[in-house]
Amino acid sequence: MIVPETLIRTAVQDDDAALAELDRTTWSTLHAVLPAPEPGEPFFDARHLPGDYLVAVRGGVVVGYVRVVPPTPLAATAHVRQIQGLAVAGSARGGGVARALLRAAMVRARAEGAVRMTLRVLGHNAPARALYASEGFAVEGVLPGEMFLDGAYVDDVLMGRSLRD
């Protein structure tokens, strides 16, 4: 089987329907703390703009996204970018899409002058934690039992890395 090349690009408004469908089909309490998106809900809104996202495209189809934004509007954190969402279609999992998105996010953050990248990941999401660790992210804090999902308390794990290396 030949796997098409993965193109990473900034999202555009026309990606809304594809990203909304991707969000619905990949939703899981393994990684989501918000309720499942409803059919027909737009993906982009006033707080989630196309320019905040990088999308992965294979064979002309959007197969993943990562949202990378400043963690706060404060000038004191302008040197930091935070990953606030990463999803890959089931059909594209295991093919390096998440890693390509993560690496592209770091390249983009550096180009914007960021020197640090952070993220939050649920403690029970072992695959995501392993990916982040393999890309140089370290656990910088744990909020034990911070989330209550599917009848269980789940740790909120804070991870980060320098973008200077």
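Among contacts between residues at least 6 apart in sequence, 62% join residues at least 24 apart. The model behind this figure is predicted.

**Overall build**

The protein has three helices and seven strands. From the N terminus on, these elements run β-α-β-β-β-α-β-α-β-β. The radius of gyration is 16 Å, close to the 15 Å that the globule rule gives for 165 residues, so the protein is as compact as a globular protein of that length. Along the principal axes, the C-alpha trace spans about 40 × 40 × 35 Å. Buried residues make up 41% of the 165 residues. The exposed surface comes to about 9000 Å². Carbon and sulfur atoms supply 58% of that area.

**The sheet**

The seven strands form an open sheet. Their order is β1-β2-β3-β4-β5-β7-β6, and the pairing is mixed. β1 (6-10) and β6 (138-149) stand at the edges. Each has a single partner strand, so one side of each is left without a neighbour in the sheet. On average, neighbouring strands are turned by 25° against each other, direction ignored.

Strands of a sheet pair through backbone hydrogen bonds, either parallel or antiparallel.

| Strand pair | Bridges | Facing residues |
|---|---|---|
| β2 and β3 | six bridges | Val57 and Val62 |
| β3 and β4 | five bridges | Gly64 and Val88 |
| β6 and β7 | eight bridges | Met147 and Val154 |

β2 and β3 form a hairpin with two residues between them. Gly59 sits in that turn and has a positive phi of about 60°. β3 is mostly covered: eight of its nine residues are buried.

**Helices on the sheet**

Helix α2 (residues 97-111) lies across β1, β2 (53-58), β3 (61-69), β4 (80-88), β5 (116-122) and β7. Its direction is at about 140° to β2. Helix α3 (residues 126-134) lies across β4, β5, β6 and β7. α3 runs at about 160° to β5.

Ala98 belongs to helix α2. Setting aside residues up to four places away in sequence, Ala98 touches Leu86, Val88 and Leu131. Ala98 and Leu86 are 12 residues apart along the chain, and their C-alpha atoms are separated by 7.4 Å. Val88 is also the bridge partner of Gly64.

**The nonpolar core**

The largest nonpolar core holds 40 residues. Leu19, Tyr65, Ile83, Met117, Tyr132 and Phe137 touch the most other members. The elements that give two or more residues to this core are α1 (16-26), β2, β3, β4, α2, β5, α3 and β7. The largest share, eight residues, comes from α2.

What does Ile83 touch, not counting residues up to four places away in sequence? The partners of Ile83 are Val66, Arg67, Val68, Leu102, Met117, Thr118, Leu119, Arg120 and Phe137. Met117 and Phe137, like Ile83 itself, are among the core members with the most contacts to other members.

Note on methods:
Residues numbered from 1 in each chain as written. Predicted model: local features only at pLDDT ≥ 70, side-chain atom pairs only at ≥ 80, totals over all residues. Heavy atoms only, no water. Pairing = 2+ DSSP bridges. Helix = DSSP H or I, 4+ residues; strand = E, 2+ residues; numbered from the N terminus. Axes fitted to C-alpha atoms, helices over the stretch in contact; angles between N-to-C directions. Contact = heavy atoms within 4.5 Å. Rg over C-alpha atoms; globule rule 2.2 N^0.38 Å. Buried < 20%, exposed > 50% of the residue type's maximum accessible area, 1.4 Å probe, protein only. Areas by Shrake-Rupley, 256 points an atom, 1.4 Å probe, with all protein chains shown as cover. Core = buried A, V, L, I, M, F, W, Y, C linked by side-chain atoms within 4.5 Å.
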